[in-house]
Amino acid sequence: MSQQQTLTIDGKAVPFQDGDTIMEAATRAGVYIPHLCHNPEFTPHGSCKLCEVLVNGRKATACTFPAESGQVIQNDTEEVNEARRVVTQMLFVEGNHFCPSCEKSGNCNLQAVGYALNMLDNHFPLFYPAREVDASHPDILLDRDRCIFCELCVRASREVDGKDVFGIAGRGINNHLVVNSSSGLLKDSALDVTDKAAHVCPVGAIIIKRHGFAVPIGQRIYDHRQIGEVSLATEMALAGDDHG
Amino acid sequence: MSLAEAEREKLLDIVRNHAARPTQLLQILREVQELLRCIPREAMEIVAAELGVPRTQVQGVAEFYSFLSLEPQGRFHILISDSISDQMLGSRALAAQLSQKLRVGLGQTRSDGRVSLGYTSCTGLCDQGPAGLVNGHWLSRLDKARIDLIATFIEWGVPLERWPREWFAVADNLHKPGLLFGNPIALGAALQTAVEKGFDTAFAEVDASGLRGRGGAGFQTSWKWKFCFEGPEELAVCPMGKPEKIERYVVCNADEGEPGTFKDRVLLNRHAHQVFEGMTLCAGIVGASQGFLYLRGEYLELKPQLEAVLAERRAANLLGKNILGKQGFDFDIEIHMGAGAYICGEESALIESLEGKRGVPRNRPPYPVTSGYLNKPTVVNNVETFAAAAAIVLNGGQWFASHGTEKSKGSKILSICGDCARPGIYEYDFGVTVAQILADCGAESALGVQVGGPSGVFISDKEFDRKLGFEDLATGGSFMIFDNTRDVLEVVRNFTHFFAHESCGFCTPCRVGTSLLRNNLDKICAGHGTAGDLAELSNLARIVKTASHCGLGQTAANPIISTLERYADLYQARLKNNISFEPGFDLDGALATARRLSGRDDAMAHLAQEAEA
C-alpha cells in the first residue's frame, strides 16, 4: 500500500491503517471521540452509543465501524454532541447514580463525560430501579446501582483473566449483571482482587474495598483535566502497534 | 427447589439428546422448562457443566426469552395475546375474567401450582382472536363462555388432550390467493429444473426476477445469495469465481414476530415443501450443506408436521446426500424453536439465538452474508422469499418480474386483521392501492391503517390512494385496520409498550429510550401531559430513532412519530392547557403498596392528583 489512506473528522485529515475502526484511527491521530464502553485493551463492544458519529451523513458507532478511505465524519458538532448528552442523561436516570457519596467520584468516566458534554441536569424522570449490591467478596464491592452495561468487566474476565466471572442476564430495561458462581455471589466466584476484571469498571460499580476516598479532592483524575485529554493520553499510548 | 434424582437424570438425557452442543442451549432450556416448568439454579448448573459454558451464559439465555422462567409456571400456563387486534376484540376483559375465576393474578402462578396466567406480545392468530396459548398450544376465538369453560376444566384438572378440539382450531383464512398461492410448485419440480439446467441458470432466474426480501427490509435476494457465495473479502482468491470451500449456511427466518403478521404461518401450514425447496435451491447456489428453520415459539403447533415434511423430503432424495442424484449436492435442514423474543426476527439476533445465546443484534459490518452463523457466510431470508425463489426457478424470472412495479417485482402476501369483515390472507401484485385492499377485505369507515406492523407506519384515511411497494409503503405483510370508533392514541400506546417490552437492552438509546417513551406517552394518555411533555416526546423519539443499534430501536418511535405528523390535534386534546409543566408523579399510585399492605381501599386511603375545587 504505497499511498496513505485517510478519512476526515470535522474537516481534519486523519490517516488510518487497514483494519482500523474509526475510533482507532481517531485515537492514534489525537482526536477524542467520547466513549464509555470502549477500551483499546478489549474487543470493541458498541453498546453505550456515546461514540456515535455521523459518517457521510449517517449515524455510525465509531468503536466498531470500519474506517474507510474518503469517509467524511462529523464528531465534535452541536448535533452529535446533543445526542451524546441525551444518551448520558439516559444512563444517569436508568441507574442510581448518587455522585456525592460515590467512591468513584472524581475518577469516574460517566461523571467526567457528563461534565465534558455540559450536562447540567438529568432531564428525564429517574427510574429508581431496585438494583442489588453484592458486598460478599472480601476485597471487592459490586454495586449494581451504578452499572452502565458496558460489559468491560465481562470482556476483561473472559479475554484477559480467562475466568468468565461476569455476564449480563435479563432483557431490556431489566438487564442486570450476573456472577458466575453457584450462589450467584461474588465471594463464591473465581474473582480475585488482582484480576484485570476488578480494575476496568469505568464507573463505581466494581470498587476495591478499603480504598474509597483515598485520593483527596483536587488530586483526582478529573479534578483539573477533562476526560478528552486523559483519555487520549492513556489510549494513544496503547494504540501503538495493534493489528498484529 | 431441589431436584430429585429422576429429574436430574432426565436433564442429562435432554443434554445428551442434543449431543451437548452449546449451540443447542436454547433448545435444551425449552425442554428443561417443559420438564420442570421453570429453569431452577440447579438445572442451570448441570446444563452449564455438561455444555462447558459459563453459568452466566445459561442464566443469560434463561432470563432473555419470555417463554422461559426462573420461577415455576403452573401446570396450565396460559398466555393471552396483548396485540392491538386482540385488545380491540376484548382480550383484556377476558384475561381479567380468567384471572378472577381462577383466583390467579396476571403475571403470576397460583400458590397451588395449578395455573399461571400472563400476556404475550402476539401469537400470530391476529385474524382469529382474541387468541392465546395454553402450554404452548394455540387457543383461538376466545369469548366469555369459552373462558368460563376453560377455567372450569383447569379447576377439574382436565388434561389438554381432552379439551374440545374447536378451542385449538386455527384456520388459514386464505381469502385471496395470488401469484404464489395460486401457483404452488409440484414436489421437487424446481429442484429438478435446477439440477438439470445447472445452478448458474437457476441463480440467473432469481436475479432476473428482481425478487427482494419479503420479511420487510426488501434487500435484493440475488445479491444476498451472490455475496454469500463469494464469501468474505479475506478469502477472495484468484481466479474469481472459485470461492474458498468453507462452510456456508442457509437460514429461514420464520420468527414472524411483527404483530399483525401471520402469513408465514399459513405458508408453512400449506406449502412447507415449497419453502424447504427454496432453501435447498439457495444451498445449491451458494454452496451450503446445512440449513436451519428458525421457527417462532408461538408456532410450536406446526413443528411436528414440519418435521414430517422434512422426513418426506429426505425419503424422496430432496434432502440429505446427493440430492436428486447430483453428486456432492448435500443439504439438510434442522428446526430451531424461538422462545418468545421479537428481537430474534432481526437476522443477526436470530443467528445469535441459533448459536445458543441471547438474541442481541451484532455490530455490522460484517454482515451475515460474509460472517453469520458461527461467523461463516450465511443467507438469512424470510419464509415467503424462499417460497418465491422456488416458484421463480421453476417458472422463470420473467414470469415473476412481469408482475408488480418497477422497483417491486412480483407479489406480496398480506395478513390483514382489525376492523374488517374478512380478516385473513390476501396476496396482491405490488402496486395495489390501500383503497383496493380495504374494499376487498370489507373495511368500511376505516380511520387508518398500520402498514408494516408497529415498526411500520400509521397512514390516515387521506392516504388510501398510496400503493404497496418498496417505492412507497413497504410491509413484511402486517396490515392492521382501524375504524373510526378506535382511539389512535391507544393504538400508539399498545405499540410503544410493545417495543419497551421487546428491547434486547444492549444499547442505551433503546434500552432506556423505549421505556422513557412509554412512560411519557402513558402520562399524556392519562391526562397528565403538558405541551412540554409533547415536545419532549418528539425530541426523544428522534434520538431513539437515530441513535439505536438495530432496527428495533430505529423503528420503536415510529408509532409516535407517524401519528404526531398526522394527528397532532389528538395529542393536543389530551394536554392540560393551563399549565406548562406537570410532574410525572402519580400521587394515588404511590399509595398502592400501602393500601395493599393495610388492606384498605376506602376514600381516606386515596389522594386526588389535584386539590378538589
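This note sets out points on the contact between the chains, the nonpolar cores and the salt bridges of a predicted model.

1. Extent of the interface. In this predicted model, 41 residues of chain B are in contact with 44 residues of chain A. The size of an interface is often given as the accessible area lost when the parts come together. Here the area buried between chain B and chain A is about 3100 Å², and carbon and sulfur atoms give 55% of that area.

2. Polar and charged pairing across the interface. Between chain B and chain A there are 20 residue pairs in polar contact, both residues being at pLDDT 80 or more. The salt bridges between the two chains number 3. One of the pairs in a salt bridge is B:R542 with A:E82, whose side chains meet at 3.8 Å, N to O.

3. Make-up of the chain B side. The elements of chain B that give two or more residues to the side touching chain A are α3 (41–51), α4 (55–64), α17 (488–502), α18 (508–525) and α19 (531–547). The largest share, 8 residues, comes from α18(B). Sorted by class, this side of chain B has 15 nonpolar, 16 polar and 10 charged residues.

4. In soluble globular proteins, nonpolar side chains tend to be buried together. The largest nonpolar core of the model has 153 residues, and B:Y65 and B:W225 have the most contacts inside it. Helix α11 (residues 263–286) of chain B gives the most to this core, with 12 residues. Another core lies apart from the largest one and has 44 residues, among them A:C147, A:F149, A:L152 and A:I208.

5. A loop residue of chain A. A:S105 is found in the loop between α2 (78–94) and α3 (109–116) of chain A. With a relative accessible area of 16%, A:S105 falls under the 20% limit and is therefore buried. Leaving aside neighbours within four places in sequence, A:S105 is in contact with A:C99, A:Q111 and A:R220.

6. Over all chains, the count comes to 51 salt bridges. B:E384 and B:R214 form one of them, with the closest N and O atoms 4.0 Å apart. Because B:E384 lies in helix α14 (residues 383–395) and B:R214 in the loop between α9 (199–209) and α10 (221–230) of chain B, the pair ties together parts that are 170 residues apart in sequence. Both B:E384 and B:R214 are buried. The side chains of B:R313 and B:E277 also meet in a salt bridge, at 2.7 Å, N to O. This pair links helix α12 (residues 303–315) of chain B, which holds B:R313, to helix α11 of chain B, which holds B:E277, the two residues being 36 residues apart. Both B:R313 and B:E277 are buried.

7. B:D588 forms a salt bridge with B:R595, the closest N and O atoms being 3.2 Å apart. B:D588 is partly exposed, with a relative accessible area of 22%, whereas B:R595 is buried, with a relative accessible area of 13%. Salt bridges that share partners join B:R214, B:K263, B:D264, B:E384 and B:K412 into one network.

How values were computed: Residues numbered from 1 in each chain as written. Chains lettered and ligands numbered in written order. Predicted model: local features only at pLDDT ≥ 70, side-chain atom pairs only at ≥ 80, totals over all residues. Heavy atoms only, no water. Contact = heavy atoms within 4.5 Å. Buried area = accessible area lost by both parts, 1.4 Å probe. Polar contact = N/O pair within 3.5 Å; in protein donor to acceptor, adjacent residues only side chain to side chain. Helix = DSSP H or I, 4+ residues; strand = E, 2+ residues; numbered from the N terminus. Nonpolar A, V, L, I, M, F, W, Y, C, P; charged D, E, K, R; others polar. Core = buried A, V, L, I, M, F, W, Y, C linked by side-chain atoms within 4.5 Å. Buried < 20%, exposed > 50% of the residue type's maximum accessible area, 1.4 Å probe, protein only.
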